[in-house]
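Welcome! Please take a moment to look over the sequence and turn the model around, and then let us walk through it together.

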Amino acid sequence: MSVRPEPLGQILLKRGLVTDAQLARVLLIQKRHGTRLGDILISEGMVNFHALYQSVADHYRLPYANLIESPPDVELLKPVGAAEYVKRGAIPWKMQQGEL
């Protein structure tokens, strides 16, 4: 049985990135317009994208990789080709212990 992820809004609250009032406002906008929570937070200037992406990674229990500070190794694209990775919606980032 899988454990439900903690709601993104709760993660943002715990980190002090938004207040209760801000979260309530954003959730109302989300409900009215069907827009993703993160898109609203960024467009309203409430969080920066690094903080949002870190929080989203934690929401899904995944490691966060800042691809600006640690860009992918372009040599890893060569065996398969960039077009294939674009089609898959993923790119190889780095080799770690002989694995991508």
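## A guided walk through the chain

Before we start, keep in mind that this is a predicted model. Let us begin with the overall layout. The chain has 5 helices and 0 strands, and along the sequence the pattern reads α-α-α-α-α. Its radius of gyration is 17 Å, well over the 13 Å that the globule rule gives for 100 residues, so the chain is more spread out than a compact globule. Along the principal axes, the C-alpha atoms fill a box of roughly 50 × 30 × 30 Å. Of the 100 residues, 22% count as buried. If we take the contacts with a separation of 6 or more, 39% of them join residues 24 or more positions apart.

Now let us step inside. The largest nonpolar core has 11 residues in all: L8, L12, V18, L23, V26, L37, I40, L41, M46, V47 and L52. Helices α1, α2 and α3 each supply at least two residues of this core, and α3 gives the most, with 3 residues.

One is L52, which is found in helix α4. L52 has a relative accessible area of 6%, under the 20% cut-off, and is therefore buried. Setting aside residues up to four places away in sequence, L52 touches L8, G38, L41, I42 and V47. With I42, the two C-alpha atoms are 8.1 Å apart in space, while the residues are 10 apart in sequence.

The other is L8. Leaving aside neighbours within four places in sequence, which residues is L8 in contact with? They are L37, L52, S55, V56 and H59. One of these, S55, deserves a visit of its own. S55 lies in helix α4, which covers residues 49–59. Is S55 buried or exposed? Its relative accessibility is 0%, so S55 counts as buried. Not counting residues up to four places away in sequence, S55 touches L8, I11, L12, R15 and L17.

The largest pocket has a volume of about 330 Å³. Its lining is made of 16 residues, and the closest to the pocket centre are L8, R36, L37, G38 and V56. Sorted by class, the lining of the largest pocket has 9 nonpolar, 5 polar and 2 charged residues.

The second largest pocket holds about 200 Å³ of space. Its lining consists of F49, H50, Y53, Y64, A65, N66, L67, I68, A90, I91 and W93. By class, the lining of the second largest pocket has 9 nonpolar residues, 2 polar ones and no charged ones.

L67 is partly exposed, with a relative accessible area of 40%. Apart from residues up to four places away in sequence, L67 touches P72 and W93. W93 is also part of the lining of the second largest pocket. L67 and W93 are 26 residues apart in sequence, and their C-alpha atoms are 8.4 Å apart in space.

The loop between α4 and α5 (82–88) has another stop for us, R61. With a relative accessible area of 53%, R61 is exposed. What about the backbone here? Most residues other than glycine have a negative phi. In R61, a residue other than glycine, phi is positive, with a value near 60°.

Our last stop is E44, in the loop between α3 and α4. E44 has a relative accessible area of 39% and is partly exposed. Its C-alpha atom is separated by 8.9 Å from that of V26, a residue 18 places apart from E44 along the chain.

Note on methods:
Residues are numbered from 1 along each chain as its sequence is written. This is a predicted model: local features need pLDDT of at least 70, side-chain atom pairs count only at pLDDT 80 or more; totals for chains, interfaces and linings use all residues. Side-chain values use heavy atoms; hydrogens and water are left out. Helices (H or I, at least four residues) and strands (E, at least two) are DSSP runs, numbered from the N terminus. Buried means under 20% relative accessible area, exposed over 50%, partly exposed in between (1.4 Å probe, protein chains only). Contact means heavy atoms within 4.5 Å. On a 1 Å grid over the protein atoms alone, a cavity is a set of points where a 1.4 Å probe fits but cannot get out, and a pocket is an open set with protein on both sides within 12 Å along at least five of seven lines; lining residues have an atom within 4 Å of a point. Grid points are joined across faces, edges and corners, and a volume is the space filled by probe spheres set on the points. Ala, Val, Leu, Ile, Met, Phe, Trp, Tyr, Cys and Pro count as nonpolar, Asp, Glu, Lys and Arg as charged, and the others, Gly among them, as polar. A nonpolar core is a set of buried Ala, Val, Leu, Ile, Met, Phe, Trp, Tyr and Cys residues joined through side-chain atoms within 4.5 Å. The radius of gyration is taken over C-alpha atoms; the globule rule is 2.2 Å times the number of residues to the power 0.38.
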